[in-house]
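Have the sequence and the 3D view open as you read.

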Amino acid sequence: MSESTTNIETKQFLDNVGLNTLWNKICNIFAPKTDIAELEDKLNAITSGLKLTASISPSVIYKNTETTVKITGTVKDNSGNYSAENITIKTGTTVLSSTENTHILSYNDSVNISNSSKSYSISAVANGLPLSASTSVTAKYPVFYGMGTSASVVKSSGKKASARSSAVSTSTYDATAADNGVRFYLLVPSDVTRPSSFTMGGAPVDMIIPTTTEKLDNIDYYVFYTNATYNMGATVKIKAN
């Protein structure tokens, strides 16, 4: 049985114009050229590693203390910075800052946090591709340390560590005795990760490790202190692990 005239004509047409030309004709029928170009741009953006990153500094602050944090959104691909059509920084539904035709946007926000954190969302459109990222600042009560005769004395006259989410540190807590018969204290609020052991110069330090908190100015603190006492001029450099 011979092929129909229609089938023969179809085969000849495909042989003559080629599949590539046929694809272009189909695209012209079902989608405008601008849509195809936009789709190709988006696919190129994805394969080039286009992304939006969010950062905040500082990322941890003291509770109930007015602090300025810097939120930054950056658009990049595998080759480096990438200029976006727009970038917007928001907290909740409130727009804090927005810009166009740049790879980076920063905003300084003055915050005073009484609970645990404040979140920010960043959105961008780059090469027609919507991008999003988020970041947050965490608020913690301060860690105190120093020499003294009681936890309350150290909280009022000791050193306040930089804002942190953990009292475990690669650096040391340094203190010098101003009187005789004092102990080294480390006061860790209950919302901060507390250490489980202590060393000085690599050797273990005999510390009282609390399992319950006590109230200091109406805030729950774990009170760590040395079994040993120190006299005036003695210095310790204690690492919390």
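## Two strands side by side

Let's start with β8 (residues 117-126) and β9 (residues 129-140), which run antiparallel to each other and share 10 bridges. To find your place in this pairing, pick out Ser123: its bridge partner is Ser132, in β9. Keep in mind that this is a predicted model.

## The sheet around them

Now for the charged side chains. Opposite charges on side chains can pair up when the charged atoms come close. How many salt bridges does a search of the whole structure find? It comes back with 5, and three of them are picked out below.

One of them joins Lys63 to Asp191, with 3.3 Å between the closest N and O atoms. Lys63 belongs to the loop between β2 (60-62) and β3 (67-77), while Asp191 is in the loop between β13 (183-189) and β14 (198-200), so this pair ties together parts that lie 128 residues apart in sequence. Is Lys63 buried or exposed? Its relative accessibility is 15%, and buried means under 20%, so Lys63 counts as buried.

## Lys118 and Asp109

Another salt bridge brings the side chains of Lys118 and Asp109 together, at 3.0 Å from N to O. The two partners fall into separate accessibility classes: Asp109 is buried, at 8% relative accessible area, whereas Lys118 is partly exposed, at 25%.

## Asp174 and Lys237

Then there's the salt bridge between Asp174 and Lys237, where the closest N and O atoms are 3.4 Å apart. Here the partners sit in strands: Asp174 in β12 (residues 173-176) and Lys237 in β19 (residues 235-240), so the pair ties together parts that are 63 residues apart in sequence.

How accessible are these two? Asp174 counts as partly exposed, with 25% relative accessibility. Lys237 is partly exposed as well, its relative accessible area being 46%.

Methods: Residues are numbered from 1 along each chain as its sequence is written. This is a predicted model: local features need pLDDT of at least 70, side-chain atom pairs count only at pLDDT 80 or more; totals for chains, interfaces and linings use all residues. Side-chain values use heavy atoms; hydrogens and water are left out. A salt bridge is a side-chain nitrogen of Lys or Arg within 4 Å of a carboxyl oxygen of Asp or Glu. Helices (H or I, at least four residues) and strands (E, at least two) are DSSP runs, numbered from the N terminus. Buried means under 20% relative accessible area, exposed over 50%, partly exposed in between (1.4 Å probe, protein chains only). Two strands pair if DSSP finds at least two bridges between them.
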